[in-house]
Amino acid sequence: MEVVINRDYEQMSKVASQIVVEVVNTKPNAVLGMATGSTPLGLYQELVRLHKEEQLDLSRVTTFNLDEYVGLRMDHPQSYHYFMREHFFQHVNIPRQNINIPSGTTSNYPAFCEWYEQRIAQCGGIDLQILGIGSDGHIAFNEPTSSLSSRTRLKTLSKQTIDDNARFFERREDVPVYAITMGVGTILDARKLVMVASGKAKAKAIAQAVEGPLTSMVTASAIQLHRDATVIVDEQAAAELTMRDYYEFIYAAEPAAPRS
Ligand code: GLP
């Protein structure tokens, strides 16, 4: 695992966007796994800028989002469909038919989840999966005690996640209790993982995910099993890492590492 510590959110977003660009430049028809939450917003803004100002072409890219709230229609302002359209898809040139986001309103969840997994496989698997992290250490909506080999399925949100996400809704009671989410196993199948985290509220979760024991209590710790995972954090999110000097030493020694 590589850990990249940045001075602030902006730099963290730029470093993460460069990894996406490298993947797309190497493989123009790459399959990208997309994440929601406020943390990847800067990364999406940077990709939009690169598309508009520096001819980043995403016309052959296919995307799969990690998760969606159950019960929210696509046009609900807190749905992940809405989030992705507003903040990313409407600003870039990914063909509509190449965009996949779990349905929060299907009439048959098990069948949909199975189809989603098959669709990922039919597209050749995910080349690069972008990840955020919940304050309880979850990835996507894989809450504590989720199986580390879980696949796309329905999941009940934890109290902590409902509390964390209540800020986006008018009332706490409006936060959906269920979500449809890729499993930890689905995420680990991606060829490359990039996790972004910012702010002191994530410091503990990042330390547990990167340096703690592998445990389903912190599903983000499963990235320790992955052969190509990069964790990109800002100063505050890095605050509880004990091996910081080592990560900085490795990064500084990389000939191709961006140094700005
Ligand atoms: C939700 C999403 C996760 C995301 C997390 C953190 O739970 N399902 O994918 O990582 O929120 O979001 P934020 O970046 O807003 O802290």
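1. Start with one pair. Tyr69 has Ala179 in β8 as its bridge partner. The two strands involved, β4 and β8 (residues 178–181), pair in the antiparallel sense over 3 bridges. Two strands count as paired if DSSP finds at least two bridges between them. Strands here are DSSP runs of E with at least two residues, helices are runs of H or I with at least four, and both are numbered from the N terminus.

2. Some ground rules. This is a predicted model, where local features need pLDDT of at least 70 and side-chain atom pairs count only at pLDDT 80 or more, while totals for chains, interfaces and linings use all residues. Residues are numbered from 1 along each chain as its sequence is written, and side-chain values use heavy atoms, with hydrogens and water left out.

3. β4 and β8 belong to an open sheet of 3 strands, in the order β4-β8-β7, with antiparallel pairing. Its edge strands are β4 (67–69) and β7 (153–156), and each pairs on one side only. Neighbouring strands of this sheet are turned by 30 degrees against each other on average, direction ignored. Axes are lines fitted to C-alpha atoms, for helices over the stretch in contact, and angles run from 0 to 180 degrees between N-to-C directions.

4. The parallel sheet. Another open sheet has 7 strands in the order β1-β10-β9-β6-β2-β3-β5, and the pairing is parallel. Here the edge strands are β1 and β5 (99–100), each pairing on one side only. Helix α4 (residues 109–122) packs on this sheet and touches β3 (62–65) and β5. The direction of α4 makes about 150 degrees with that of β3. Contact means heavy atoms within 4.5 Å.

5. The partners of β9. β9 and β10 pair in the parallel sense over 5 bridges. Val194 has Thr230 in β10 as its bridge partner. Strand β6 (residues 128–131) also pairs with β9 in the parallel sense, over 3 bridges. There, Gln129 stands opposite Leu193.

6. Helix α7. Ala203, Ala205, Ile206, Ala207, Ala209 and Val210 are buried in helix α7 (residues 203–211). The buried residues of α7 pack against β1 (2–6), β9 (193–197), β10 (229–234) and α8.

7. Ser13 lies in helix α1 (residues 9–26). Ser13 is buried, with a relative accessible area of 3%. Not counting residues up to four places away in sequence, Ser13 touches Gly42 and Leu43. Arg85, in helix α3, is partly exposed at 32%. Leaving aside neighbours within four places in sequence, Arg85 is in contact with Met74, Asp75 and Gln90. The C-alpha atoms of Arg85 and Met74 are separated by 9.7 Å. Phe249 is found in helix α8 (residues 244–253). Phe249 is exposed, with a relative accessible area of 59%.

8. The largest pocket. On a 1 Å grid over the protein atoms alone, a pocket is an open set of points with protein on both sides within 12 Å along at least five of seven lines; a cavity is a set where a 1.4 Å probe fits but cannot get out; lining residues have an atom within 4 Å of a point. Grid points are joined across faces, edges and corners, and a volume is the space filled by probe spheres set on the points. The largest pocket has a volume of about 710 Å³. It is lined by 35 residues, of which Gly37, Ser38, Asn165, Arg167 and Phe168 lie nearest its centre. α3 (80–87) is one of the elements that supply at least two lining residues, and α3 gives the most, with 5 residues.

9. The cavity. How many cavities of 30 Å³ or more are there? The count comes to 1. The largest cavity has a volume of about 40 Å³. Its lining is Glu68, Leu72, Arg73, Met74, His81, Ser103, Gly104 and Thr105.

Terms used. Buried means under 20% relative accessible area, exposed over 50%, partly exposed in between (1.4 Å probe, protein chains only).
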